Amino acid sequence: MSLYWFAQGIGLLAFCVGITMFFSRSDRRFKQQLSAYSAIIGVHFLLMGANSAGSAALLNSVRTQLALRTRSVWVMMAFIILTLSFGLGKAKHLMELLPVIGTVASTWALFRTSGLKTRVIMWFSTCGWVAHNIWLGSIGGTLIESSFLIMNGFNIIRFYRMQQRGIDPFAIETQMEKKEAQVETEPAPL
């Protein structure tokens with residue numbers, strides 16, 4: 001098996017890992033799946049020779065794990081600076097800037113927004129990744145990002161319609177996450 005087909009296989013594995021990510025109403029589960037997907041697709045891009053996209057995706061994985069633990073502006077800015085320096089430093093073509101721009105936007109969204117707003121920003125970020133992956137010739141990357149575009153788009157519409165009917169699709173998950181955070185921060189009994 002050639003390196004090319006091995007790399008394509010890793011891309012298809014990423015497709016399988018990320019396919020259900022946007023269905024989750026839980027920001028926590030969404031971020032966990034996004035982190036796993038980003039790590040796998042990052043390896044795929046590096047194997048395909050797309051070092052700028054690979055670096056951005058691997059940074060996404062670490063960034064997303066940290067976004068589960070903190071919403072610090074300083075941490076967010078550190079990842080934006082890292083993304084810009086790695087991504088811009090390795091870019092050889094203008095199309096390679098699309099994942100960098102998308103990563104900066106999604107970094108801001110993961111640290112500063114939640115719920116529907118996060119998903120809308122991620123949708124626009126995905127548009128750049130789709131264009132990049134088509135340009136690169138990444139079969140798995142194009143499949144997964146196109147799927148993300150479609151699935152996240154449908155879910156944005158579904159969640160928006162729920163909100164228009166007075167239903168907060170994120171309310172139960174938000175309450176559960178707040179309770180979990182309280183339990184984690186409470187001191188242990190002596």
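Let us start with Thr83, a buried residue with a relative accessible area of 2%; buried here means under 20% relative accessible area, exposed means over 50%, and partly exposed lies in between (1.4 Å probe, protein chains only). This is a predicted model, in which local features need pLDDT of at least 70, side-chain atom pairs count only at pLDDT 80 or more, and totals for chains, interfaces and linings use all residues. Residues are numbered from 1 along each chain as its sequence is written, and side-chain values use heavy atoms, with hydrogens and water left out.

Thr83 sits in helix α4, which covers residues 73-90. Setting aside neighbours within four places in sequence, Thr83 is in contact with Leu59, Leu88, Val100, Thr103 and Val104, where contact means heavy atoms within 4.5 Å.

Now step back to the whole protein. There are eight helices and zero strands, so the elements read α-α-α-α-α-α-α-α from the N terminus on; helices (H or I, at least four residues) and strands (E, at least two) are DSSP runs, numbered from the N terminus. Of the 190 residues, 44% are buried. Among contacts between residues at least 6 apart in sequence, 71% join residues at least 24 apart. The accessible surface comes to about 9900 Å², with 69% of that belonging to carbon and sulfur atoms; accessible areas come from the Shrake-Rupley method with a 1.4 Å probe, and for residues only the protein chains shown count as cover.

Helix α3 (residues 51-67) reaches 24 Å from its first C-alpha to its last, close to the 24 Å expected at 1.5 Å a residue; the expected span is 1.5 Å times one less than the number of residues.

Helix α6 passes the same kind of check. For its 22 residues (115-136) the span should be 32 Å, and the end C-alpha atoms are 31 Å apart, which agrees. After α6 comes Gly137, whose phi is positive, near 90°. Gly137 lies in the loop between α6 and α7 and is partly exposed, at 36% relative accessibility. Not counting residues up to four places away in sequence, Gly137 touches Tyr4, Gln8 and Met48. Gly137 and Gln8 are 129 residues apart in sequence, yet 9.9 Å apart in space, C-alpha to C-alpha.

Tyr4 also leads us to the surface. Together with Trp5, Leu12, Ile139 and Leu143, Tyr4 forms a nonpolar patch with about 480 Å² of accessible area. Helix α1 (3-18) and helix α7 (139-164) each give two or more residues to the patch, and the largest share, three residues, comes from α1. Leu143, in helix α7, is partly exposed at 40% relative accessible area.

Finally, the cysteines. The structure holds zero disulfides, a disulfide being a pair of cysteine sulfur atoms within 2.5 Å. Cys16 is exposed, at 55% relative accessible area, while Cys127 counts as partly exposed at 30%.

Note on methods
Patch = residues over 30% accessible without salt bridge, like charges linked within 9 Å, V, L, I, M, F, W, Y side chains within 5 Å. Salt bridge = Lys/Arg side-chain N within 4 Å of Asp/Glu carboxyl O.
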